[in-house]
Amino acid sequence: MAFLDVQHVTKRFGGLTAVADVSFQMEQGEIVGLIGPNGAGKTTLFNLIAGTFPFDEGRIVFDGEPLNGLKPYHVCRRGIARTFQITRPFLEMTCYENVVVGFIGRDGFTGETPERRRRAEEILKLVGLDEFLHTQARHLNLINKKKLEIARALATRPKLILLDEVLGGLNTGEMVQALDLIRAIRDRFGVTVLWIEHVMGALMQVVERLLVLDGGRLICQGDPQTVVRDPRVIEAYLGEADD
Amino acid sequence: MDDFLLYLTNGLLLGVIYALSALGVSLIVGIMNVINFAHGELYVLAGYFSALFAHALGLPIPVAMALAVGLVFVFGLLIERTLIQPTYGNDMYSLIITFILSIVLQNAYLFIFGPYPQKPPNWVTGSTHLFGLFYYGNQRLASFLAGAAVIALLFLLIKKTWFGKMVRAVAQDREMASMVGVNSTRVNMLSFALGCALAAAAGVILAPIFPVNPTASVGISLTAFVVVVLGGMGSLEGCVVGGILLGVVQNLGAAYVSSGYKHFFGFLILVLVLTVRPSGLFGRKEI
């Protein structure tokens, strides 16, 4: 039984089919990249898995249990966390408080124990925000906001994390930091990663498998080197970029 | 100079009372973006309850007050669940529904409690010689202290506790809070009820000074809205500063110009502040 099993999932917005009959599987501990041209349905697929909106057809089974019809906070408590393309930390709260909200969401508000405080500090140290513990999130720069989103996601003790364009807007040095962080998420926390990215060069360094969406359909999946040479992918996505 | 101190003290006390009466509105606006037009009616309801429990049931005053606030909290939970939840996503509906609720409640009070003012017993009697200058009613001072304590407790709750962190997260980004596992529907219910309980706390604290009647709610709601707009929609700090500013300006204006113009000065300061800062003293700019 696959860890994440997406079976024939379809989502329509009025006459537009944003995600059409998509099926794929992920094993625990994998890092999988999700690519495709703009408007291919990548973020919509994330929204369906995270429960932001319901899907019209199909089934998503996560860790042995179906996710159909669950609210986002239930999906989170099942162990799926996500970050956003445009970062959305709680701007009027400190980094520490942002992480604490992740704890509260996952465990209910049971109080602030020294154990929890230590864990919050540990998570912020791992992502490299330990010096900004009590800085309000709105004072952070882009890379640090992205790190904070990942820290908050980790606070919910996810088994699967959905990353949406983590690298967008970062410079080369910052990208290296971000890639290290994504590897650490998997290696140190054992979290499975599904990752939307446009920066192909960086993505190829880390992912073990690629999924390609185009026009809402999953047109190709498999080993990254094979996938990027696939004529369908080149036509839909890479060919377009090379023009 | 002595007079000035008296007016200032009066204004400060009244300001804290204004802030206390407006905090519930501000909290609900900040978290849910819902304006509770029935705020004043919940204040009045708690005033009636505390009078009823103390006089008719003979309960000790603190017990009567706590019971009144508790009942209004439960009432708030019910209002949120039955009237506000179906309107999620359209702020206009909640506005109309709470407005209708306010009219229904006013008439219900008239029917049940009658048109005459009612008040719970005073907690204390007599007066205190303040600053060696003038005498001030002990009940007013006690209500002022209780009001200040409630305001301080609310700030502690919102700024320091885990519940407060969750509430602030929902207020800042409801969808994101939901993504990190916060059940925002339940937070809404609790926050709305907490806002109602704050109205009730103001009601039980102030009813000994200002007896309640079925239409007393109109003035309370109106002042609360002025304070909330003055301080900035949804800002608790703004609510306190706005309340005190309004109280002081009203009292100094009434004392030195004419008491007939008391409300004129209140609205004058509102117009002036909004001219310079359209989103209120502590208001966040809408993006």
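Predicted model: local features only at pLDDT ≥ 70, side-chain atom pairs only at ≥ 80, totals over all residues.

Reader: Why is B:Asp91 called partly exposed?

Author: B:Asp91 has 14 C-beta neighbours inside 10 Å. A residue is buried at 20 or more and exposed at 12 or fewer. The count of 14 lies in between, so B:Asp91 is classed as partly exposed. This residue is found in helix H4 (residues 91-113) of chain B.

Reader: What does B:Asp91 touch, not counting residues up to four places away in sequence?

Author: B:Asp91 touches B:Asn33 and B:Val34. For B:Asn33, which is 58 residues apart from B:Asp91 along the chain, the C-alpha separation is 7.1 Å.

Reader: What makes strand E1 and strand E2 of chain B a pair?

Author: Pairing requires at least two bridges found by DSSP. Strand E1 (residues 127-130) and strand E2 (residues 134-137) of chain B are joined by 4 bridges, so they pair. The two strands run antiparallel, and B:Thr128 stands opposite B:Tyr136 in E2(B). Their hairpin has 3 residues between the strands, and B:Phe131 takes a positive phi near 55° there.

Reader: Which residues make up the contact of chain A with chain B?

Author: The contact takes 23 residues from chain A and 16 residues from chain B. On the side of chain A, helix H2 (72-78) and helix H3 (95-107) each give two or more residues, and H3(A) gives the most, with 7 residues. By class, that side has 11 nonpolar, 4 polar and 8 charged residues.

Methods. Residues numbered from 1 in each chain as written. Chains lettered and ligands numbered in written order. Contact = placed C-beta atoms within 7 Å. Nonpolar A, V, L, I, M, F, W, Y, C, P; charged D, E, K, R; others polar.
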